[in-house]
Amino acid sequence: ELVSQHALFSSVSSLFILLVTMSAAGGQLRCINLALERYEPLFVVPVYHATLLLSSTLCGALYYGDLDSLAISQYLAFALGIVAIVCGVVMLAKAARGGDAGAKAQGNPGPEAVGWLSSSPSQSRR
């Protein structure tokens, strides 16, 4: 009923935007699945969210011109927020990499045994 009232998909541009959005969503799911096959979720998920947050924030700021009217202090706060996000991701990645000393002491293999952070995909974790 809503579609018929507003003729939402009657223009070519609307259909094109829908197609691009669906393709991007499929590509995004494929990329995150490939990353999760290759790396540990403790590394992939924070990097994924930080990248999504930074790209959407910067693209939105450029498209809508949100950064045009900021004062110097606001620019600095924005930059500090970006640095905080990147530092948090780096800390999580280091914690994921370095948090296996206890597992090795208990006889469990570390991430290198399953190919974590290596150039080849890990063996099946199923």
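Let me start with Tyr63. At 67% relative accessibility, Tyr63 counts as exposed, because the cut-off for exposed is over 50%. Keep in mind that this is a predicted model.

What does Tyr63 pair with? Its partner is Tyr64, and the two make an aromatic pair of the edge-to-face kind. The ring centres of Tyr63 and Tyr64 are 4.9 Å apart, with 85° between the planes. A search of the whole structure finds two aromatic pairs, and the one formed by Tyr63 and Tyr64 is edge-to-face. Tyr64 is exposed as well, at a relative accessible area of 64%.

Now the cysteines. Cys31 sits in helix 2, which covers residues 12-38. Is Cys31 buried or exposed? Cys31 is exposed, and its relative accessible area is 52%. From Cys31 to Tyr48 there are 17 residues along the chain, and their C-alpha atoms are separated by 9.9 Å.

Next is Cys87, with a relative accessible area of 40%.

As a reminder, a disulfide is a covalent bond between the sulfur atoms of two cysteines.

Methods:
Residues numbered from 1 in each chain as written. Predicted model: local features only at pLDDT ≥ 70, side-chain atom pairs only at ≥ 80, totals over all residues. Heavy atoms only, no water. Helix = DSSP H or I, 4+ residues; strand = E, 2+ residues; numbered from the N terminus. Buried < 20%, exposed > 50% of the residue type's maximum accessible area, 1.4 Å probe, protein only. Phe/Tyr/Trp six-rings, centres within 6.5 Å; stacked < 30°, edge-to-face > 60°.
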